[in-house]
Amino acid sequence: MDISVARTFLEVVKTGSFVSAAANLNLTQTAVSARIRVLEDQLDRPVFIRNKAGAKLTPAGEQFLRFATTLVQVWARAQRAVALPPGRETVVTVGAELSLWSPLLRHWLLWMRRECPEIAVSTQIDASERLMEQVQDGSLDVAVLYAAPSRPGVIAELLFEEKLVLVRTTPTSAPLAPEDHVQIDWGEEFAASYQAAFPDQPKAVVSIGYGPLALDYILATGGSGYFRKGFVRSYLEEGRLALVPGSPEFSYSAYVVHSTKADPGVMDRIRAGLRAAAAIAA
């Protein structure tokens, strides 16, 4: 299949319109329609229902959507692999959840530059579910996640074990109201454990999905919240934060996820770098 056909299909899905897809792709509407006709001829099924409101996927189009996404991603990966920068033997694509980039993946990038200069690196940040899908379909070599559900053809290895601890701003003599507690999104497992540990806790006035932003907010306004112990260690040592005595701690482990088909030699180097980075970040 011509990869441009798959890209055109995805653009129509994204915009919901042949006209908008043509504008975004710098094509005529006739060219977009022709590409979709080629696709429908190859699949022997219509993929869109066309009407005045735009274009809606048919059941066949819904089925093709995930394959089209994979086709485009794998093609992009193949292009990167073939067009290696000078002096590089291979390229690895690594993804991670946003909260894992600093400092873990920053340390890993520096380690790779120093220890594996022959490897080109392509990185991205995404949601855990999307990263798992990309590892599974082969468009991503490695993902670093806090939750690693079992998937066919995917191996999950424990990278490090960490704790989420309840901290508050200082001085501890200053009283905090219930609304000063900031709820931070550490995933469904943490949310369920937190609810079980604090069944009478009122709904948070402020909820933040990114730990570093939540910490900046708490330090500026005063308050409390659950954070990764390694992340707040320096603030505890400086006396800007204090552990809340008697508060429960929750496990929050990170995993390296890769395909069973990954190159063992390359994976050994990536794994070594991640473990070195985790040791520095701990």
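At what angle do the axes of helix α2 (residues 18-25) and helix α3 (residues 29-43) cross? In this predicted model, the two axes cross at roughly 105° and come within 8 Å. Angles of 65 to 115 degrees count as roughly perpendicular, and α2 and α3 are therefore roughly perpendicular to each other. On the α2 side, the contact is made by F18, V19, A21 and A22. On the α3 side, Q29, V32, S33 and I36 take part. Sorted by type, the residues of this contact are 6 nonpolar and 2 polar, with no charged residue.

**The loops on either side of α3**

The loop between α2 and α3 holds N26. Its phi is near 55°, a positive value in a residue other than glycine. N26 counts as exposed, at 71% relative accessibility.

The loop between α3 and β1 (48-51) contains P46, and D44 is placed in the loop between α3 and β1 as well. D44 is not a glycine, yet its phi is positive, at about 60°. With a relative accessible area of 59%, D44 is exposed. P46 counts as partly exposed, at 49% relative accessibility, because that class lies between the limits of 20% and 50%. The C-alpha atom of P46 is separated by 8.9 Å from that of I36, 10 residues apart along the chain. I36 is also one of the α3 residues in the contact with α2. Setting aside residues up to four places away in sequence, P46 touches E40, T58, A60 and G61.

**Aromatic rings**

A pair of aromatic rings is described by the distance of the centres and the angle of the planes. How many aromatic pairs does a search of the whole structure find? The search finds 12 aromatic pairs. One of them is formed by Y194 and Y226, with 6.0 Å centre to centre and 85° between the planes, and this pair is edge-to-face. Planes over 60 degrees apart count as edge-to-face, so the 85° of Y194 and Y226 falls in that class.

Y194 belongs to helix α7 (residues 188-197), whereas Y226 belongs to strand β10 (residues 224-228). The two residues are 32 residues apart, and the pair links distant parts of the chain. Y194 is buried, with a relative accessible area of 6%. Y226 is buried too, with a relative accessible area of 2%. Both tyrosines belong to one aromatic cluster, together with F190, F198 and F250.

The side chain of S224 makes a polar contact with the side chain of H181, at 3.0 Å. Is S224 buried or exposed? S224 is buried, with a relative accessible area of 11%. Beyond residues up to four places away in sequence, S224 touches L166, V167, R168, L176, D180, H181, V182 and I218.

E162 is placed in the loop between β6 (154-160) and β7 (163-169). E162 counts as buried, at 11% relative accessibility. Its side chain reaches the backbone nitrogen of G230 at 3.0 Å. Leaving aside neighbours within four places in sequence, the contacts of E162 include Y146, R228, K229, G230 and F231. F250, a member of the aromatic cluster, is in contact with E162 as well, as are S251, Y252 and S253.

The loop between β7 and β8 (182-184) contains P171. The peptide bond from T170 to P171 is cis, with omega near 5°.

**A methionine in α10**

M267 is found in helix α10 (residues 264-281). This residue, M267, is buried, with a relative accessible area of 4%. Apart from residues up to four places away in sequence, M267 touches V142, V256, H258 and A262. M267 and V142 are 125 residues apart along the chain, and their C-alpha atoms are separated by 8.5 Å.

**Accessibility of selected residues**

The table collects some of the values given above.

| Residue | Relative accessible area | Class |
|---|---|---|
| Y226 | 2% | buried |
| M267 | 4% | buried |
| Y194 | 6% | buried |
| S224 | 11% | buried |
| E162 | 11% | buried |
| P46 | 49% | partly exposed |
| D44 | 59% | exposed |
| N26 | 71% | exposed |

How values were computed:
Residues are numbered from 1 along each chain as its sequence is written. This is a predicted model: local features need pLDDT of at least 70, side-chain atom pairs count only at pLDDT 80 or more; totals for chains, interfaces and linings use all residues. Side-chain values use heavy atoms; hydrogens and water are left out. Rings of Phe, Tyr and Trp (its six-membered ring) pair if their centres lie within 6.5 Å; planes under 30 degrees apart count as stacked, over 60 as edge-to-face and the rest as tilted. Helices (H or I, at least four residues) and strands (E, at least two) are DSSP runs, numbered from the N terminus. Buried means under 20% relative accessible area, exposed over 50%, partly exposed in between (1.4 Å probe, protein chains only). Axes are lines fitted to C-alpha atoms, for helices over the stretch in contact, and angles run from 0 to 180 degrees between N-to-C directions. Angles under 35 degrees count as roughly parallel, over 145 as roughly antiparallel, 65 to 115 as roughly perpendicular and the rest as oblique. Contact means heavy atoms within 4.5 Å. Ala, Val, Leu, Ile, Met, Phe, Trp, Tyr, Cys and Pro count as nonpolar, Asp, Glu, Lys and Arg as charged, and the others, Gly among them, as polar. A polar contact is a pair of N or O atoms within 3.5 Å; within protein, one must be able to donate a hydrogen and the other to accept it, and residues adjacent in sequence count only if both atoms are side-chain atoms.
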